[in-house]
Amino acid sequence: MKKYLAEMIGTMVLVLMGCGAAVSLGCDPVNNQAAVVGTAMAFGLSVVAMAYAIGGISGCHINPAISLGVFLSGRMSAKDCLMYVVFQFLGGLIGAALLFLLVSSSDSSFATAGAGLGANGLQDGISVAGGLLAEIIFTCVFVLVVLGATSKTNGATNNFAGLAIGLSLILVHLACIRYTGTSVNPARSFGPAVFAQFAGGPVAALSNLWIFIVGPLAGGALAAVLWRVVEPAEK
């Protein structure tokens, strides 16, 4: 149970800090590129922080797409995968709830500006197909980094896995925010989409939520397949 609770806490921190930065900085991929950089760094640094805080307990997946990729790679049981995902979604809800309390307790101008709670959504000019494809591609890249950096058969890279994974998440955000706001994590998308409805955020956050569940899970599964192809032989 401790590793499941660690996953819940880690996902809560990721959502609170990452989405919280998006709200505080006014992340807008078209009109505020500086905020995009700040938001990307917040998500990446959250992963680095949690990797060194709970990595020794649960492995710090804090992302159902990663847990799926790890399971399909043969590194965890089906039971653990399922429980990780359940507690990750709980953590995402708690993180979004805390952010909702912060935003709703602020004055009206800030509460209105932050009503979206950093929820993912298709950006201007991006189709459903384009958004789904972006989530599959960028999640695949991210999970592939996770599988490689944590593999015991890939040299000494796992000594710096937390840093490598956090930096790769920054990179993925910088490339993907213009398409979907960057999910690559169903639990990160679920909580803000739910609570954005209470905060007066965009209705589309919930109606488009399936994109940010299906896309990352498909990308995580694809990464597991690719890793099995290139994984070094046991030494």
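Predicted model: local features only at pLDDT ≥ 70, side-chain atom pairs only at ≥ 80, totals over all residues.

**Largest pocket**

The volume of the largest pocket is about 750 Å³. Its lining consists of 40 residues, and those nearest the pocket centre are Gly59, Cys60, His61, Val146 and Thr150. By residue class, the lining holds 17 nonpolar, 16 polar and 7 charged residues.

At least two residues each come from H1 (2-25), H2 (33-58), H3 (64-72), H4 (78-104), H6 (128-149) and H7 (161-180). The largest contribution is that of H2, with 6 residues.

**Salt bridge**

Over the whole structure, the search returns 1 salt bridge. The partners are Asp80 and Lys3, whose closest N and O atoms are 3.0 Å apart. Because Asp80 belongs to helix H4 and Lys3 to helix H1, the pair ties together parts that lie 77 residues apart in sequence. Both of these helices also supply residues to the lining of the largest pocket.

How do the two partners stand in terms of accessibility, buried or partly exposed? The table gives the values.

| Residue | Relative accessible area | Class |
|---|---|---|
| Asp80 | 16% | buried |
| Lys3 | 29% | partly exposed |

Asp80 counts as buried because its 16% falls under the 20% limit. Lys3, at 29%, is partly exposed, since that class runs between 20% and 50%.

Notes: Residues numbered from 1 in each chain as written. Heavy atoms only, no water. 1 Å grid on protein atoms, 1.4 Å probe; cavity = no way out; pocket = protein on both sides within 12 Å on 5 of 7 lines; lining within 4 Å. Points joined across faces, edges and corners; volume = space filled by probe spheres on them. Helix = DSSP H or I, 4+ residues; strand = E, 2+ residues; numbered from the N terminus. Nonpolar A, V, L, I, M, F, W, Y, C, P; charged D, E, K, R; others polar. Salt bridge = Lys/Arg side-chain N within 4 Å of Asp/Glu carboxyl O. Buried < 20%, exposed > 50% of the residue type's maximum accessible area, 1.4 Å probe, protein only.
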